[in-house]
Amino acid sequence: MVIMEVTGGKSKDTSQHPAEPTSLLQAVDELETALGRVRIVGEDPSAVELKRTIKQVTDQVGDYVRPRIDSLDAPLVVVLGGSTGAGKSTIANSLLRQRVSISSAVRPTTRVPVLVCHPQDRVWFENQRVFPGLARRYGSVSQDSVAPGGNQSIQIVTDRSMTPGLALVDAPDIDSVSAANRQLAGQLMAAADMWLFVTTASRYADAVPWTALDEAAQRNITISVVLNRVPSGTEAEVREDLQRLLTERNLRPIRLHLVLEQPLDDEGFLPDGEVTELRTQLEDLANDAQERQRIAQQTLAGVLTRLAATVHEIQNDLADQEQELRTLHDTAQRYFDRARERSLQVAGDGSLLRGEILTRWQDFVGTGEFFRGVEGFIGRLRDKVGSYFSGREQSPQKVEQAIESGIHTIISREIGEAARDTERQWGQTALGRVLNAEAQDRWRSEDLDEATTQLVRNWQRDILDMIRAEGAGKRKTARLAAFGVNGVAVVLMVVVFASTAGLTGLEVGIAGGSAVVGQKLLEAIFGEEAVRRMAATARASLESRIAEVVDQFATPYLQSCEALEQGELVRAVNTANQSLIESLSRDN
């Protein structure tokens with residue numbers, strides 16, 4: 001991998017074919033931005049795992065990738081990692097012959113990670129360039145450093161025995177009993193240029209160390225392995241077995257150090273001879289700028305390659321969520337479309353003229369004895385209509401109330417059924433259950449009652465306004481006064497409803513006759529063409545208002561899905577990841 005080496009704020013070419021680090025950095029930034037906008041809901045295992053993966057990626061970008069691309073000549077960060085009780089802190093203290101990290105039999109011991117560097121390298125770690133989420137502490141470590149909540153900080157210790165160019169980090173246990181410590185250990189190891197992995201002769205074959213080492217293999221990170229507490233006389237056997245396990249997993253550590261099991265001295269250090277080889281390795285590395293850069297480049301390339309593969313997995317998970325959201329959205333849309341269609345159908349097929357509305361209409365026009373025959377009924381109805389022009393008006397209020405109740409019942413029933421069907425279908429998936437809760441927070445039955453009541457009143461107001469506008473002439477005004485604006489409005493509503501579809505037997509004649517006589521009455525007032533226009537306008541107004549109310553109560557469900565729809569973000573993540581892959585290909 002070819003990367004521009006940054007020195008003193010200026011870049012200089014480190015190969016005959018210089019790459020463009022800004023393009024790689026831009027790809028990483030775009031990827032981080034895209035992932036930062038992703039929203040994952042729910043607490044089911046798949047959602048929790050996806051959140052964790054995204055956080056790991058963004059943490060690694062902030063903790064390691066961006067700082068390392070930006071400053072390839074920064075000190076190499078070597079993290080001492082390992083399982084509980086492996087002796088990491090003791091090894092760190094023994095290397096420096098100072099107590100820079102607390103070692104104890106109490107678990108977990110290392111709660112606050114400790115970074116040790118030469119004083120002249122401290123400037124690299126004082127700001128948020130690396131480990132941006134961790135507060136800085138300075139000076140020697142004390143028991144105060146392990147206060148609860150301390151794992152959100154990092155202790156910076158300077159020591160002149162450290163060679164400039166390399167920083168050593170004592171990390172918490174990767175299998176700590178504290179979840180926060182385990183998370184922090186993973187974060188620190190993900191931000192390392194090199195691992196100094198510590199395990200013991202009694203635990204090196206356990207699953208936990210190999211899970212971490214497998215991750216190192218996938219990232220192609222440089223590692224040295226320290227096998228601590230090796231019983232005297234078993235060195236050759238243990239080394240051979242550990243080397244075999246490493247080879248089987250395609251791990252080739254640059255060094256394999258064995259530390260014999262023996263008592264610590266009065267200061268709690270290992271005998272100096274046990275760590276001399278390890279100290280020499282680290283000093284040689286710190287003094288070799290070319291080797292440090294090679295390791296940094298290798299680790300960075302491995303991290304970016306692994307990161308691109310992980311983001312591809314995230315893309316697939318996001319695409320699956322997007323597909324499920326579309327399915328949930330389509331389900332809700334289908335049920336509420338059905339509610340709209342059924343409501344409009346009932347409003348337009350004559351069904352409303354059954355029952356209460358038909359009874360009140362008959363009472364309104366004085367035709368209670370309608371079983372004597374359709375023709376006789378229509379004749380009496382004509383006579384009764386004529387009486388209105390003589391000023392003997394009957395109140396239309398009960399018909400209006402019946403119409404309001406009929407429309408209210410139909411729309412409430414259809415919308416309620418659509419909501420119940422949607423919630424039942426959504427309740428079959430974890431994501432659907434989350435969306436159900438969000439939608440139900442914005443949906444109340446009393447709101448539906450109010451909305452449907454207001455719908456009819458608004459429609460009746462539309463009709464009254466239209467009748468007043470059409471009856472503006474002197475002759476029409478006189479006729480309206482004789483019959484009453486509300487009475488004419490009721491007649492127009494009945495004409496709108498009185499399609500014979502949906503009616504049977506005697507109801508056909510009654511409703512049909514009502515519509516014929518009502519239409520003749522309206523034509524006598526407004527004229528035939530105006531009546532056709534008014535009826536069409538009144539029907540369109542009713543259909544529009546029904547659609548508005550259905551859409552109003554579909555909206556909480558649809559918006560719950562739409563708030564999570566991330567098709568554009570999925571494409572943005574894909575584009576950013578592709579840019580990263582192309583940059584890697586160009587820079588290798």
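Gln187 touches Asp59 and Asp63, leaving aside residues up to four places away in sequence; contact means heavy atoms within 4.5 Å. Gln187 sits in helix α5 (residues 179-190), and its relative accessibility of 16% is why it counts as buried. Buried stands for under 20% relative accessible area, exposed for over 50%, and partly exposed for what is in between (1.4 Å probe, protein chains only).

This is a predicted model, in which local features need pLDDT of at least 70 and side-chain atom pairs count only at pLDDT 80 or more, while totals for chains, interfaces and linings use all residues. Residues are numbered from 1 along each chain as its sequence is written, and side-chain values use heavy atoms, with hydrogens and water left out.

**The protein overall**

- The protein has 19 helices and ten strands; these are DSSP runs numbered from the N terminus, with helices being H or I of at least four residues and strands E of at least two.
- Of the 588 residues in the protein, 52% are buried.
- Among contacts between residues at least 6 apart in sequence, 78% join residues at least 24 apart.

- Two packed helices are described by the angle between their axes and the distance between the axes.
- The axes are lines fitted to C-alpha atoms, for helices over the stretch in contact, and the angles run from 0 to 180 degrees between N-to-C directions.
- Helix α12 (residues 397-426) and α18 have axes that come within 11 Å and cross at roughly 20°.
- α12 is therefore roughly parallel to α18; angles under 35 degrees count as roughly parallel, over 145 as roughly antiparallel, 65 to 115 as roughly perpendicular and the rest as oblique.
- On the α12 side, Ile407, Ile411, Ile415, Ala419, Thr422, Glu423 and Trp426 meet Leu542, Ile546, Val549, Val550, Phe553, Tyr557 and Cys561 of α18.
- The contact of α12 with α18 has twelve nonpolar residues, one polar and one charged; Ala, Val, Leu, Ile, Met, Phe, Trp, Tyr, Cys and Pro count as nonpolar, Asp, Glu, Lys and Arg as charged, and the others, Gly among them, as polar.

**Helix α18 and helix α13**

- Helix α13 (residues 430-440) packs against helix α18 (residues 528-562) at an angle of about 130°, with the axes 9 Å apart.
- The two helices α13 and α18 are therefore oblique to each other, and α13 passes α18 in a right-handed crossing.
- Leu435, Asn436, Glu438 and Ala439 of α13 meet Pro556, Tyr557, Ser560 and Cys561 of α18.
- In the contact of α13 with α18, five residues are nonpolar, two are polar and one is charged.

**Thr234 and its loop**

- Thr234 belongs to the loop between β9 (222-230) and α7 (235-248).
- With 22% relative accessibility, Thr234 counts as partly exposed.
- A polar atom of the Thr234 side chain is 2.7 Å from the backbone oxygen of Pro231.
- Leu260 is 26 residues from Thr234 along the chain, and their C-alpha atoms are separated by 9.4 Å.

**Positive phi in two loops**

- Arg97 is not a glycine, although it has a positive phi of about 55°.
- Arg97 lies in the loop between α3 (88-96) and β4 (114-117) and is partly exposed, with a relative accessible area of 30%.
- Asn250, which is not a glycine, has a positive phi of about 60°.
- The loop that holds Asn250 runs between α7 and β10 (255-260).

How values were computed: Polar contact = N/O pair within 3.5 Å; in protein donor to acceptor, adjacent residues only side chain to side chain. Left-handed = near helix turned anticlockwise from the far one by under 90°.
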